[in-house]
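I hope they are handy while you browse the structure.

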Amino acid sequence: MRKNIVAGNWKMNKTFEEADTLISDIMDLLEKNELDRNTLMILCPPFPYIEMCTDYSNDSYFMVGAQNVADQERGAYTGEVSAEMLQSLETSYCIVGHSERRQYYGETDQTVARKVDLLLQHDIRPIVCCGEVLDEREAGKQFDVVKRQITDGLFHLTPEQFGQIVIAYEPVWAIGTGKTATPQQAQEIHAFIRNLIAEKYGKQVADETSILYGGSCKPSNAKELFANPDVDGGLIGGASLQAKDFVDIALAF
Ligand code: PGA
């Protein structure tokens, strides 16, 4: 059975000390409130805090993910962080193709495909983001956009490789805006994505793929969103910076 996943994307927030406090607060709360056994929590801190997170996660309260990875194996790429480095820090997951990377750093579906390949070579599970911008939603193009992102970014994989993928549907108009997709809007696209996967890889692979929702998910709307049959959790930005909010979201299953 596929996992329910709640992943916290801290983005470019928190000093080292603040990060340390956030993690220990999350762990305190998890000691008092046990997560459902099928729920997996993932923390995706900025690169400099990955080791601190993996040290804490030895207690197995959560897994650790990165927010990005280089699209080259190694060498003269100043400022980049490779999949091999992440693997050597025991990073289990990595976000790829977040809309902020696509918008501000020019990432394309082809970049996403290369990053996914490198991560899989290093036993790191990609959390691959897709989602339309407001203009595309208003023009009714959300299905075409998501189909292109998934097809061009992921459908070169073998079924076995695809089994390592987590998808995050994040309508760009809902990210950091306080505007959440309705549960119906989320379910509609999630079902569409699962169907695309089933057409390409078969029903079993599709049924085993966790598809997360992202975009202003918070404790007050998580239950309603996660109650949908094809919504298997969330990729949480703003609300993952507060221990209580984040743990409350993870407890919404
Ligand atoms: P948000 O961000 O929860 O702050 O809207 C979600 C994301 O960008 O992953």
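1. A word on terms to begin with: a residue is called buried when its relative accessible area is under 20%, exposed when that value is over 50%, and partly exposed in between. Keep in mind that this is a predicted model. By that cut-off, 55% of the 253 residues of the protein chain count as buried.

2. Now the overall fold. The protein chain has twelve helices and eight strands. Its C-alpha atoms fill a box of roughly 45 × 45 × 35 Å along the principal axes. The radius of gyration is 17 Å, which agrees with the value near 18 Å that a compact globule of 253 residues would have. Among contacts with a separation of 6 or more, 71% are between residues 24 or more positions apart. The chain exposes about 11600 Å², and carbon and sulfur atoms supply 48% of that area.

3. Helix α5 deserves a look. This helix covers residues 109–121, 13 residues in total, and reaches 19 Å from its first C-alpha to its last, close to the 18 Å expected at 1.5 Å a residue. Its buried residues are Asp109, Thr111, Val112, Ala113, Lys115, Val116, Leu118, Leu119 and Leu120. What covers them? The cover includes the helices α3 (83–88), α4 (99–105), α7 (142–154) and α8 (159–162), together with the strands β4 (93–96) and β5 (125–130). After α5 comes Asp123, which has a positive phi near 60°.

4. Is Arg114 buried or partly exposed? Arg114 counts as partly exposed, because its relative accessibility is 38%.

5. The structure as a whole has 13 salt bridges. One of them joins Arg194 to Asp230, with the closest N and O atoms 2.5 Å apart. Here too, distant parts of the chain are linked: Arg194 is in helix α9 (residues 183–201) and Asp230 in the loop between α11 (219–226) and β8 (233–236), 36 residues apart. Arg194 counts as buried because its relative accessibility is 6%. Asp230 is buried as well, at a relative accessible area of 13%. Both residues take part in a network of salt bridges that links Arg2, Arg194, Asp230 and Asp232.

6. For a local pair, turn to helix α12 (residues 243–250). Lys244 and Asp248 both lie in this helix, four residues apart, about one turn. They form a salt bridge in which the closest N and O atoms are 2.7 Å apart. Lys244 is exposed, with a relative accessible area of 52%, whereas Asp248 is partly exposed at 27%.

7. Gln185 is another residue of helix α9. With a relative accessible area of 23%, Gln185 is partly exposed. A polar atom of its side chain lies 2.9 Å from the backbone nitrogen of Thr182. Which residues does Gln185 touch, not counting those up to four places away in sequence? They are Arg137 and Trp173. The C-alpha atom of Gln185 is separated by 9.9 Å from that of Pro171, 14 residues apart along the chain.

8. Asn228 is placed in the loop between α11 and β8. At 14% relative accessibility, Asn228 counts as buried. Leaving aside neighbours within four places in sequence, Asn228 is in contact with Pro183 and Gln187.

9. Finally, two backbone angles to check in your viewer. Lys14 has a positive phi of about 85° although it is not a glycine. Lys14 lies in the loop between β1 (4–9) and α1 (16–32) and is partly exposed, with a relative accessible area of 27%. Ser216, also a residue other than glycine, has a positive phi near 55°. The place of Ser216 is the loop between β7 (211–214) and α11, and Ser216 is buried, with a relative accessible area of 16%.

Key
Residues numbered from 1 in each chain as written. Predicted model: local features only at pLDDT ≥ 70, side-chain atom pairs only at ≥ 80, totals over all residues. Heavy atoms only, no water. Expected span 1.5 Å × (residues − 1). Buried < 20%, exposed > 50% of the residue type's maximum accessible area, 1.4 Å probe, protein only. Contact = heavy atoms within 4.5 Å. Salt bridge = Lys/Arg side-chain N within 4 Å of Asp/Glu carboxyl O. Rg over C-alpha atoms; globule rule 2.2 N^0.38 Å. Areas by Shrake-Rupley, 256 points an atom, 1.4 Å probe, with all protein chains shown as cover. Polar contact = N/O pair within 3.5 Å; in protein donor to acceptor, adjacent residues only side chain to side chain.
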